[in-house]
Amino acid sequence: MSIFSHIKYFMNVKLGARSYIMFNRWRNARRPLRWNTKYLAPPLKVDKITKELIALHYLDGHYVDGRKSVAWVTSGAPVEILQALGYYVIYPENHAAICGVKRKVVEIAGEAENAGYSLDICSYARTDIGAMLSGKSAVGTLPKPDLLLACTNICQTVLHWYRILSYHFNVPLIIIDTPFIYTEYSDADIEYVKNQIEDSIPVAENVCRRSLSFKKLQNVVKMSKDASELWLQIIQRGTHIPAPISAFDQFIQMAPIVEMRGKAATVNFYAALLREVDERIKNGVGAVVNERKRLLWDNLPIWHRLRYFAEYFGTMGISVVASTYTNAWGELAPLMDKDRPVESMAKTYIYPVLNRSAGSKLGTIKRMAEEFHINGVVLHSDRSCKPYSIGQIDQRNRLIHDDRMPALLLEADHNDTRSFSEEQTASRLDAFVEMLGI
Amino acid sequence: MYSNLEALGIDVGSSTVKAVAVDGSGVILWHHMESAEPRVVPQVDHFLKMVSEKFGDISGIPLVATGYGRRLVHVASKQITEISCHARGVFKQLGHGGTLVDIGGQDSKVIIISSTGAVEDFAMNDKCAAGSGRFLENTADRLRVDIDKIGKIALSSTEETYISSTCTVFAESEVISKIANGIAVETILKGLHRSLTLRIVTMIRSLGSLPPLMLSGGVVKNPAIRYMLSEETKEPVVLPDLPQLMGAYGAALIALT
């Protein structure tokens with residue numbers, strides 16, 4: 001850790017970035033964020049803070065060299081150990097999603113495709129591999145990893161993806177294998193995951209040359225739990241009529257819970273968001289002005305068309321009030337326990353919606369449909385996310401036939417604009433909206 | 001003679017443009033159909049001029065537009081999707097619900113219509129022309145066969161070749177290869193119809209078919225599609241009068257309400 005690195009960091013991040021943020025706040029105050037429709041409530045005030053948090057996080061990464069060890073991790077990885085060890089953590093999936101929102105995917109993923117990676121591979125993986133090969137990104141350059149951590153609780157693609165990263169960067173890779181949960185997990189399943197998390201500790205310690213402090217780990221787990229609980233409460237506020245926050249707001253506001261879990265700033269951010277949402281409820285403000293129908297969104301968002309969907313539904317008087325995807329980062333909060341951090345991490349990370357059966361996900365959809373007073377479900381059949389999309393045809397049919405719940409299967413891709421046809425999507429959405437009686 | 005005109009419907013499709021005029025009880029007074037021009041707005045103006053010539057002043061007559069070009073019909077009081085319009089038109093004509101298959105030029109739709117005429121569920125072919133009329137048009141063109149005759153020619157064949165591809169562009173290459181291998185045109189055509197039919201049947205099964213099976217849209221004129229759909233689903237196929245006009249008719253009925 002050279003003094004030069006610290007001075008560079010202080011000058012650029014602490015002084016430079018702070019001045020830039022102050023300038024940006026002044027500029028944004030003159031140009032408030034707005035939708036292209038009068039049918040949506042003005043964007044949340046915390047939007048600007050979210051952008052600042054994420055921008056600072058990536059800026060931090062530019063000057064991390066020589067100050068901290070860097071880990072690249074999957075979105076559902078037990079990151080608390082790395083946070084407690086002081087790693088700077090990058091989530092390639094989040095990075096890819098930012099590239100998606102900024103419509104940079106075709107250019108960056110193209111670099112991976114030119115190198116022989118098939119279009120059938122997940123567009124997150126293609127985006128990040130393309131970024132790795134070319135250095136292209138929507139957030140400047142990413143710091144090179146010293147350690148990789150992949151957990152198989154979201155898909156099997158990460159296994160191969162992280163092996164490629166490990167080969168390319170020549171750094172150690174920790175894999176946490178989580179058995180798939182068909183009905184309920186067993187003690188042996190938990191023991192198996194717990195043992196792997198314990199085994200990962202000396203590897204992570206060795207890379208960063210630090211020892212894990214149990215007290216620090218407890219503190220990080222507590223902050224992870226606090227932030228997740230706040231996030232869950234924010235999502236639950238969507239049960240109010242009119243819903244104060246939409247799933248499209250949640251897709252943006254979920255960035256810190258994924259990217260910056262286990263940090264005090266993340267807890268403070270969600271406390272502020274909860275206050276703003278409660279203020280909206282108090283003042284009777286809905287995310288959609290004149291809310292007429294309420295929908296649930298299943299699967300990842302279509303990052304490159306967030307505004308399109310938000311404005312389309314808003315104009316129709318439809319509020320998409322909940323999503324199984326954003327819910328996944330809140331529903332596990334009760335499982336975390338700072339007094340038994342490793343065991344509780346095993347229980348938490350074995351249980352995401354993607355590591356459970358299609359029937360279990362249907363149960364989640366049905367429970368949420370009831371709690372959130374839902375009139376219909378949009379199931380995004382995501383070409384890139386096979387584990388999330390498999391079973392959707394059956395889930396859709398069950399909703400329609402068992403619950404008389406209108407449900408639409410919408411084919412697209414969370415990141416790749418080439419798998420999205422606006423005209424085809426519009427005709428399906430229009431017909432679905434008419435079916436809802438609007 | 002036409003003073004009882006109460007509503008108009010126009011269906012601006014990808015292959016054809018159709019218009020229907022109805023009286024207060026939904027009886028068709030007039031209808032017209034033309035091939036779709038690349039410029040929608042002048043063609044719609046031309047249609048409206050024809051209606052005016054027939055019925056006199058049509059200002060104040062409600063008009064609903066449907067089809068892919070519906071948003072360009074600026075004089076329409078409302079734009080409604082083909083799903084709702086076809087369902088409304090067919091339900092009014094046949095008087096019962098069921099599973100409606102509408103095979104259009106650009107896409108195909110399967111619509112479940114309840115016993116009250118409401119759209120209960122629908123499916124559309126994916127982002128590919130292989131489930132649409134364009135699939136047949138393309139390959140008919142490649143085989144130099146008149147589109148209006150391909151169904152009859154296909155049915156005349158006692159043999160059938162398997163077209164493995166479900167992509168229109170790849171199917172064309174497959175057809176070329178089969179021609180090169182000396183396979184008869186009628187045998188290839190029968191295989192093509194089977195390929196399209198099986199895609200439609202998959203859509204029907206994905207929704208869980210509600211009998212009877214009904215058909216609308218331009219491809220209904222093709223006897224091979226009618227025959228094969230019935231053969232594959234083991235259901236008789238029911239056709240409304242003027243199946244190609246069901247979208248425009250449904251639009252007129254919606255305008256009426």
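First, the conventions. Residues are numbered from 1 along each chain as its sequence is written, while chains are lettered from A and ligands numbered from 1 in the order in which they are written. Since the model is predicted, local features need pLDDT of at least 70 and side-chain atom pairs count only at pLDDT 80 or more, whereas totals for chains, interfaces and linings use all residues.

I'll start with chain A. Chain A has 19 helices and 8 strands; helices (H or I, at least four residues) and strands (E, at least two) are DSSP runs, numbered from the N terminus. The radius of gyration of chain A is 21 Å, close to the 22 Å from the globule rule for 438 residues, so chain A is as compact as a globular protein of that length. That radius is taken over C-alpha atoms, and the rule is 2.2 Å times the number of residues to the power 0.38. Along the principal axes, the C-alpha trace of chain A spans about 65 × 55 × 50 Å.

Of the 438 residues of chain A, 47% count as buried. Buried here is 20 or more other C-beta atoms within 10 Å of the residue's own, exposed is 12 or fewer, and partly exposed is in between, with C-beta atoms placed from the backbone. Among contacts in chain A between residues at least 6 apart in sequence, 79% join residues at least 24 apart. A contact is a pair of residues whose C-beta atoms, placed from the backbone, lie within 7 Å.

Next, chain B. There are 8 helices and 10 strands in chain B. Its radius of gyration is 19 Å, close to the 18 Å that the globule rule gives for 257 residues, so chain B is as compact as a globular protein of that length. The C-alpha atoms of chain B fill a box of roughly 60 × 40 × 30 Å along the principal axes. Buried residues are 47% of the 257 in chain B. Of the contacts in chain B with a separation of 6 or more, 70% are between residues 24 or more positions apart.

Now the interface. How many residues of chain A are in contact with chain B? There are 13, and they meet 12 residues of chain B. On the chain A side, helix H18 (392-403) and helix H19 (422-435) each supply at least two residues. The largest share, 7 residues, comes from H19(A). By type, the chain A side divides into 4 nonpolar, 5 polar and 4 charged residues. For that count, Ala, Val, Leu, Ile, Met, Phe, Trp, Tyr, Cys and Pro are nonpolar, Asp, Glu, Lys and Arg are charged, and the others, Gly among them, are polar.

On to the core. The largest nonpolar core has 192 residues, and those touching the most other members are Leu82(A), Leu296(A), Val377(A), Ile10(B), Ala251(B) and Ala252(B). H9(A) gives the largest share of this core, 10 residues. A nonpolar core is a set of buried Ala, Val, Leu, Ile, Met, Phe, Trp, Tyr and Cys residues joined through C-beta atoms within 7 Å. Leaving aside neighbours within four places in sequence, Leu82(A) is in contact with residues including Ala71(A), Leu149(A) and Ala204(A).

Helix H12 of chain A, residues 264-282, has 19 residues and should span 27 Å at 1.5 Å a residue; its end C-alpha atoms are 27 Å apart, which agrees. The expected span is 1.5 Å times one less than the number of residues. The buried residues of H12(A) are Thr266(A), Val267(A), Phe269(A), Tyr270(A), Leu273(A), Val277(A) and Arg280(A). They cover an arc of only 160° around the axis, which puts them on the same side of H12(A); the arc is that of the directions from the helix axis to the C-beta atoms. These residues pack against H2 (47-62), H9 (214-236), H10 (247-253) and H11 (255-259) of chain A. The face turned away carries the exposed residues Arg275(A), Glu279(A) and Lys282(A). After H12(A) comes Gly284(A), with a positive phi near 70°.

Lys263(A) lies in the loop between H11 and H12 of chain A. With 19 C-beta neighbours inside 10 Å, Lys263(A) counts as partly exposed.

The other helix is H2 of chain B, residues 82-94. Is H2(B) largely enclosed or open? Of its 13 residues, 11 are buried, so H2(B) is largely enclosed by the rest of the structure. Among the buried ones are Glu82(B), His86(B) and Arg88(B). Just after H2(B), Gly95(B) takes a positive phi of about 80°.

Definitions and conventions
Two residues are in contact if their C-beta atoms, placed from the backbone, lie within 7 Å.
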